[in-house]
Amino acid sequence: MSTTPATTPRRYLERVIRVDHAGEYGAKRIYQGQLAVLRGTKHEPTIRHMQEQEQEHLDTFSRLIAERRVRPTALLPFWHVAGFALGAATAAMGPRAAMACTVAVEEAIDEHYRAQEENLGEDEAELRADIARFRAEELEHRDIGLANEAELTPGYRLLSAAIKLGCKVAIKVAERV
């Protein structure tokens, strides 16, 4: 027996689209910040690949914002600056720290997307499928970060915990503001 609701309440759906749009925008800005620092290094193609996938996710949620007439978060200007700053700051600490940032963000997003997959109703099968695909790509990013020695970053646990906490706060705020 499925615990998935048959229909998704409109307010929940608006929060999903709003927060996912904001999150994908922030992710794009993180990778732009990382590229500003690591452009021309051996890490550039990897970061570009992840950024391109985030752009595809953002394009999907931008389309849904318009089609479903969902108000985007009022905090996009903040995410614009904060995302870039987080990406640039961690990249300035070194490629491993940039990858640690990626791992932390993607682990927080995995948890977030998993909950959405479970809570979206049968009426939102297409959106649920998109979120499942995006979640798989976010986990790919996490695995790329781990393969690139993210865990060898000095202070990895502290850095990771701080970034995850920031993501969870950002998610809660962006759902409503």
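A residue is called buried when its relative accessible area is under 20%, exposed when that area is over 50%, and partly exposed in between, using a 1.4 Å probe on protein chains only. The structure is a predicted model, in which local features need pLDDT of at least 70, side-chain atom pairs count only at pLDDT 80 or more, and totals for chains, interfaces and linings use all residues. Residues are numbered from 1 along each chain as its sequence is written, and side-chain values use heavy atoms, with hydrogens and water left out.

**Exercise 1. Classify Glu137 and Arg133 as buried or exposed or partly exposed, and describe how the two residues are paired.**

Step 1. Glu137 has a relative accessible area of 14%, so this residue is buried. Arg133, at 34%, is partly exposed.

Step 2. A salt bridge requires a side-chain nitrogen of Lys or Arg within 4 Å of a carboxyl oxygen of Asp or Glu. The closest N and O atoms of Glu137 and Arg133 are 3.8 Å apart, and the two residues form a salt bridge.

Step 3. Helices are DSSP runs (H or I, at least four residues), numbered from the N terminus. Glu137 and Arg133 are 4 residues apart in helix α5, and therefore about one helical turn separates them.

Step 4. Glu137 and Arg133 also belong to a network of salt bridges that links them with Glu56 and Asp130.

**Exercise 2. Describe the surroundings of Glu24.**

Step 1. Glu24 is found in helix α1 (residues 10-38).

Step 2. Glu24 is buried yet has no salt bridge, and the nearest side chain of opposite charge, that of Arg133, is 9.9 Å away. In this count Lys and Arg are positive and Asp and Glu negative, while His and the chain ends are left out.

Step 3. The side chains of Glu24 and Tyr113 are joined by a polar contact of 2.4 Å. A polar contact is a pair of N or O atoms within 3.5 Å; within protein, one must be able to donate a hydrogen and the other to accept it, and residues adjacent in sequence count only if both atoms are side-chain atoms.

Step 4. With contact meaning heavy atoms within 4.5 Å, and leaving aside residues up to four places away in sequence, Glu24 touches Glu54, His57, Leu58, Phe61, Tyr113 and Glu138.

Notes
Helix = DSSP H or I, 4+ residues; strand = E, 2+ residues; numbered from the N terminus.
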